[in-house]
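Please look through the structure below before reading the notes.

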Amino acid sequence: MQLALELEDLAFRYERGELVLADVSMTVAPGEFVAIAGPNGGGKTTLLRIALGLERPTAGVARLYGEPAASFSRRRLLGYLPQRAQLGIEAPATVREVVSAGRVAASKLVGRMRARDRELVDEAIERVGLTSRAGAPIRTLSGGMQQRAFIAKALAGEPSLLALDEPTTGVDAESQDALGELLAHLHSELGVTILYVSHEFGAVEHHVQRLVLVRRSIIFDGPPHELAGMWHDPSHTHV
Amino acid sequence: MFESEFMRLAFAVGAIVGVLAPTVGFFLVQRRMSLIGDGIGHAAFAGVALGVLLDISPVLTALGAAVVGAVAIEWLRARRGAAGDQALALVFYTGIAAGVVLISIAGSLNVNLFSYLFGSILTVTRGDLALMVVFGAVALGLIALFYRALCAAVLDEEGARVAGLPIGALNVLVAVLAALTIALSMQIVGILLIAALMVLPVTAATRIAWSMRSTLFLSAGIGLASVLAGLTASYHANIPPGGTIVLVAAACVLAAMAVDGLRRST
């Protein structure tokens, strides 16, 4: 079986010399729901960016579906929700316009959307429960709804691998739980591989099959319950 | 007012500029790169100075310099050789400094130069109109063709890059369109103020629009209205067209803010 993601002996060092990652090796099989957690500055976002081919490692190899991540040729298999600060939440766009943007790479680059693309956009909006708000400007929605709209944008491209970077930032506790439920539902229904990167993984604690803790290198990789006694917080889980 | 050919030409070119500048500017403003127009404008100033020095069309040399400046900004940003504002500052100051030095060498610090800096409806020719018609049609056509991809880059550049959109090429397309718009619009609004026409109508539209598409169309409408109203006022009051057009656009921003404020309070 071809792996969704392979990281081999990764290291990453900024130009100014600071070592962010060292000796990182891990694999993710298709259909896995993996939480990558760790303290802020621990290297988890860098790890994800290398995995997606957005950064080149200083040493080691990153492969997506068997190809080098940096030159991955089947990018339409990937859906990515970057950190909130990088999203155009303040743009004067409606939910439907945001979600439609996720269909561009998977359909033709120029011209208008085809009927099938519009159907997939509507389906993605429905999956995240925003059908009644499809025409609403994204900036008027709550943080949780905004994140759901951007998840729908990623889903509109029908990805095989969905990567989310700190998706619960700026989202209230109740919406965080709803987000976790939504991801679990998408995972079981669509069989999509999910990489969930966050310093806080309480929202998906009961849904992920595997937890990877990163603090420069991987310090834990296994089912969350094996680590439960070490980090459990009744409200939310911080690393 | 329309008895004179120069006014007919000015209104015709002005109408194209009024629609085109905010349409291109929309994609800069939404990416929080509102000031890129100023940077490119200063590169265009160096181009005008080069044209004066070499005694060739300043519009053509400004066009070349603006495109080089715009591509340089995008290249520096993409390579992370400099942060976005630093890349802009490099082009901004290099452009104005090169312009001053070249003009000094040419010994031509005269009224003709000021017409490029601040705009002059007297300088518009039939050739300029033909150039603007062709360029305006091509630019608006390209934006319509790539509209969905350009919006995807605005809403989530990293997500679009991961999904395989050619973000670098799309960014260069917007930068080159901005450069061409600036170089070709400088006779009407002036190098120093054209960037304002790319930003202010979009700022006003963003306050009152309800979607990306409505913002784009409202921006073009406000830009067109600003140019037509500004040129009319400029003709009757005998005041500079560039400054008048931008003051009208600024008034539109204030009016849009007032409407937005009223809407929020009710």
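This is a predicted model: local features need pLDDT of at least 70, side-chain atom pairs count only at pLDDT 80 or more; totals for chains, interfaces and linings use all residues.

Residues are numbered from 1 along each chain as its sequence is written, and chains are lettered from A and ligands numbered from 1 in the order in which they are written. Helices (H or I, at least four residues) and strands (E, at least two) are DSSP runs, numbered from the N terminus.

**The six-stranded sheet of chain A**

- Chain A has an open sheet of six strands in the order β6-β7-β8-β3-β9-β10, and the pairing is mixed. Two strands pair if DSSP finds at least two bridges between them.
- The edges of this sheet are β6 (78–81) and β10 (217–222) of chain A; each has a single partner strand, so one side of each is left without a neighbour in the sheet.
- On average, neighbouring strands of the sheet are turned by 15° against each other, direction ignored. Axes here are lines fitted to C-alpha atoms, for helices over the stretch in contact, and angles run from 0 to 180 degrees between N-to-C directions.
- Strands β7 (residues 161–165) and β8 (residues 193–198) of chain A pair in the parallel sense, over five bridges. In this pair, A:Leu161 is opposite A:Thr193 of β8(A).

**The pairs made by β1 of chain A**

- Strand β1 (residues 5–13) of chain A runs antiparallel to strand β2 (residues 19–28) of chain A, and six bridges join them. A:Leu5 lies opposite A:Val28 in β2(A).
- The hairpin of β1(A) and β2(A) has five residues between the strands, and A:Gly17 takes a positive phi near 110° there.
- β1(A) is also joined by five bridges to strand β4 (residues 59–64) of chain A, again antiparallel. Here A:Ala11 is opposite A:Ala59 in β4(A).

- Helix α4 (residues 143–156) of chain A has 14 residues and spans 20 Å from its first C-alpha to its last, close to the 20 Å expected at 1.5 Å a residue. The expected span is 1.5 Å times one less than the number of residues.
- Of the 14 residues of α4(A), 13 are buried. A residue is buried if 20 or more other C-beta atoms lie within 10 Å of its own, exposed if 12 or fewer, and partly exposed in between, with C-beta atoms placed from the backbone.
- A:Ile151 belongs to α4 of chain A. A:Ile151 counts as buried because it has 25 C-beta neighbours inside 10 Å.
- Apart from its neighbours within four places in sequence, A:Ile151 is in contact with A:Leu81 and A:Val128. Contact means that the C-beta atoms of two residues, placed from the backbone, lie within 7 Å.

**Where chain B touches chain A**

- The contact takes 24 residues from chain B and 29 residues from chain A.
- On the side of chain B, the elements giving two or more residues are α7 (147–155), α8 (157–162) and α11 (212–237) of chain B. The largest share, six residues, comes from α7(B).
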